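Trainee: Please take me through one part of this protein in close detail. Then show me how the rest of the chain is built around it.

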Amino acid sequence: MKSLRETMVLDSSESFGVPFGQKECLTRRLSNILEQYPQGITPFLEFIQNADDSGARNVKIVRGIRNSQHKFIQNTHTHTQTQVLSHVNFGEKSLISKEMKSWQGPSILIYNDSTFTESDFRNIARIGQGSKMASLEKTGRFGLGFCSSYHWTDVVSFVSGCSFCVFDPHLKYIPNTQEPGLRVNFCKNTKLREQFKDQFDPYCIFGNDMKHSFKGTLFRFPIRNASHKSEISDRYFTSKEIRSLLQNKFRNAVQDTLVFLRNVESIEVFEQTSMTESMKLLYRASARGRSSVKEREEWNRIPSYIAGSR
């Protein structure tokens, strides 16, 4: 039971006072986090590590090339993680808000074949407070590494299971919400796919139809450009720069990256010139000798021993 004083404060909050207190600007926090993570190939490496932590076995990066008919590049590989660079726009009419139009252009897509648990949804929304903190078996950096994707974009989105999620730290792209994000259960209302066709089109790959539960996780990072007024970063990447990162720096680092992974066995980079043509493999890196269940168990036993669990 509330005291008389508590009741007076609640019943006359406007005359008694106004909401006031310490709080942190989310965009400023993200901007400060980016200072800890260099630009360049760092976000690619972070998401490969996240894929490894989730148990993914393969990573595929697809570099799309602009063509006259289609702007986004898609592939249909399964049981892999895929990073997709697409260079053109999707439709701009049936979106969750008109403000989202500017994020229908070039993007990076990252897919893996694991599905979020409820714990995963909670952790990804807690900056730097992920469950990895309590587990030495996971070599990621407590969730902060995920935020390195804000080098690329201001609007991170992903699909996993029945959930479509969008992060909006600026609070200006998602309608009618005071929260910096939105989670939609599209399985409960299959008509959403038609009502928001242009919004959901980029995610309808790898067997996902935005109507039924998706057995995997697909992240989308639309690339920030010069027209976006961002409080997170004033840096934007051109398609040419990202191509260069994949063809040069990432290519040079990819083989060494595999040494530190427990589950990922193969990283491949593809090129696709249109939605109707098959992908062209540009290069592949693989870790041999870890393909059997026994080999993976032996490898995973090392951090368990350090943690004192054996």
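This is a predicted model: local features need pLDDT of at least 70, side-chain atom pairs count only at pLDDT 80 or more; totals for chains, interfaces and linings use all residues.

Mentor: Start with P202. P202 sits in the loop between α7 (197-200) and β7 (214-222). Residues are numbered from 1 along each chain as its sequence is written, and side-chain values use heavy atoms, with hydrogens and water left out.

Is P202 buried or exposed? P202 counts as buried, because its relative accessibility is 1%. Buried means under 20% relative accessible area, exposed means over 50%, and partly exposed lies in between, with a 1.4 Å probe and protein chains only.

Next, its surroundings. Leaving out residues up to four places away in sequence, P202 touches F90, L109, L218 and R220. A contact means heavy atoms within 4.5 Å. Take F90, one of these partners. P202 and F90 are 112 residues apart in sequence. In space, their C-alpha atoms are 7.3 Å apart.

Among contacts with a separation of 6 or more in the protein chain, 65% join residues 24 or more positions apart.

Now the cysteines. C162 and C187 form a disulfide, with their sulfur atoms 2.1 Å apart. The rule asks for a pair of cysteine sulfur atoms within 2.5 Å. By this rule, the count is one disulfide. The pair links distant parts of the chain, 25 residues apart. C162 is in the loop between β4 (156-161) and β5 (163-167). C187 is in the loop between β6 (181-185) and α6 (192-195). The torsion about the S-S bond of C162 and C187 is about -90°, so this disulfide is left-handed.

C162 is partly exposed, because its relative accessibility is 23%. C187 is partly exposed as well, at 24%.

Finally, step back. The protein chain has nine helices and nine strands. Of its 310 residues, 48% are buried. The chain exposes about 16600 Å², and carbon and sulfur atoms supply 51% of that. Accessible areas come from the Shrake-Rupley method with a 1.4 Å probe; for residues, only the protein chains shown count as cover.

Notes. Helices (H or I, at least four residues) and strands (E, at least two) are DSSP runs, numbered from the N terminus.
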